[in-house]
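Please take a moment to look over the sequence and the model before reading on. The paragraphs below are meant to be read with both in view.

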Amino acid sequence: MKFGCCAAALLALVALSTSALASDVPVFIWGKPSVTYVPALSQYTTAEFSALLESQTDAGTFTVVFAEERLSTEDLAQCKLKTQTCFRNLAKVERKSYLPSVQEPMATFGGDFEDIQSVQLAGDGSLSERIVPKAGSIVVVNLSGDDFASHDALIDGLYNRLRAEFPNLLVVYTGKTPSFRYSSLIRRTRQAEPTVPNDVLQIPNTFMMYYEKFEAGPVGGPLTAVVFNGVTKEDANSSDTTLQVNLSGPAADLRINFALAQGNWQIMGVTYNQVPYYLRHRVDINQHFSYRCNDMRYVTPDMKNEIVLTEVQLQPHWQVQGDADFVKFGDAWNCVGFTTPGILTGLFLVFIFIFIGAYGITWMMDIRTMDRFDDPKGKTITVNTAGD
């Protein structure tokens, strides 16, 4: 009898043993000498799984299904007894098909045929009734509990006995429901609004600044730490191409002036407590970039006082109609130059080695051999070095 003729025999019985069938559980198939090897990463529907079983059975095949209450691919990989897997006997089976993801495989064994037997595993490890091999019949062994090691030993012993009694045997090992609920483990992407950390000073769609530490004091002397707790925009000194922001704190007032020209923004001036300060290096970068520096120093014109911003990142923004909201820093333009002393030293050494190598190769290529050699039996070659 073809497997398709008896593949619909156990739906009511399986429905009583499981309240809800899982969509994806692993399946092992072995026993037939001509077992079909299938791609291990493929996902199979119930119909595809039924067709696969039908291709491996005939009218004289006796099918045994070992069904765990819960089984997932994680159990196969993570279940260990000391240093060995719980499925030692299953791993020793050489010719077997492994399907890691099959949708409701137990639904394949549904129907009302009389040649289907259901056997329960008792708590002491014994079966509720003896299994007698019979051509064209199906036996479902319901394995309860999560002692996979003892189940593996039971399957191995029962398979060897049935194999000796009835060689035309097909064995299926699977689960009724997965032990892992994959839907609860999937990370779902949520379109959340970008947020700005609380320690970032921000004017909506206008300015953002983060700093780790701000200090002020005499050049070369002790510096006093200052904390800013607010930032505002100075409308009188702001336009479509200019911007002034005022950072305020206890007994501290910092004003920064920006200008936008030809797609780049610049820091035009910095005033701290009504005293102007100047940066030794000009800040002029693309308007879509932020400026980041680990040690940003401004000094007074007389070089007596300085202000230092440690780990600072700032970016002005001129909002244009149709632009997205300015809610996070753009790509950072670091104050460290692209060419450092270390890079220059490395390039210098490379050029020295290239020069030495090229000079040596030129010398070796200039080596010439004699075009004539002395013949022991002929006339000796003489070279006259005397002048005429």
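The model is predicted, so to speak of local features a pLDDT of at least 70 is needed and side-chain atom pairs count only at pLDDT 80 or more, whereas totals for chains, interfaces and linings use all residues. Residues are numbered from 1 along each chain as its sequence is written, and side-chain values use heavy atoms, with hydrogens and water left out.

Rings of Phe, Tyr and Trp (for Trp, its six-membered ring) are said to pair if their centres lie within 6.5 Å, and the pair counts as stacked when the planes are under 30 degrees apart, as edge-to-face when they are over 60, and as tilted for the rest. The structure holds 14 aromatic pairs. Helices (H or I, at least four residues) and strands (E, at least two) are DSSP runs, numbered from the N terminus.

Phe214 also forms an aromatic pair with Tyr272, and this one is tilted, with 5.4 Å centre to centre and 55 degrees between the planes. Because Phe214 lies in strand β12 and Tyr272 in strand β17 (residues 264–272), the pair ties together parts that are 58 residues apart in sequence. Ring pairs link Tyr211, Phe214, Phe228, Tyr272 and Tyr277 into a cluster.

A nonpolar core is a set of buried Ala, Val, Leu, Ile, Met, Phe, Trp, Tyr and Cys residues joined through side-chain atoms within 4.5 Å. The largest such core has 34 residues, of which Phe214, Phe228, Phe258, Trp265, Ile267 and Tyr272 touch the most other members. Several elements give two or more residues to this core, including β10 (201–203), β11 (207–210), β12, β15 (242–249) and β17, while β16 gives the most, with five residues. Contact means heavy atoms within 4.5 Å, and, leaving aside neighbours within four places in sequence, Phe214 is in contact with residues including Val226, Leu254, Ile307 and Leu309. Apart from this core lies another, of 28 residues, among them Phe87, Leu154, Tyr159 and Tyr173.

A further segment is marked in a record. In an unreviewed UniProt entry, the annotation "transmembrane region" covers residues 343–362; such positions are given in the numbering used here, feature names are shortened, and annotations may be inferred rather than shown by experiment. In the model, the span of residues 343–362 is 100% helix and 0% strand, and its end C-alpha atoms lie 28 Å apart.

Charged side chains come next. Side chains of opposite charge can pair when their charged atoms come close. A salt bridge is a side-chain nitrogen of Lys or Arg within 4 Å of a carboxyl oxygen of Asp or Glu, and a search of the whole structure finds nine of them. In one, Arg292 is bridged to Glu311, with the closest N and O atoms 2.8 Å apart. This pair links distant parts of the chain, Arg292 being in strand β20 and Glu311 in strand β21, 19 residues apart. Arg292 is partly exposed because its relative accessible area is 30%, and Glu311 is partly exposed at 24%.

Salt bridges that share partners join Arg130, Arg161 and Glu165 into one network. Within it, Arg161 forms a salt bridge with Glu165, where the closest N and O atoms are 3.1 Å apart. Both Arg161 and Glu165 lie in helix α6 (residues 148–165), four residues apart, which is about one turn of the helix.

Thr206 lies in the loop between β10 and β11, and, at 10% relative accessibility, Thr206 counts as buried. Not counting residues up to four places away in sequence, Thr206 touches Lys233, Leu243, Gln315, Pro316, His317 and Phe326.

Note on methods:
Buried < 20%, exposed > 50% of the residue type's maximum accessible area, 1.4 Å probe, protein only.
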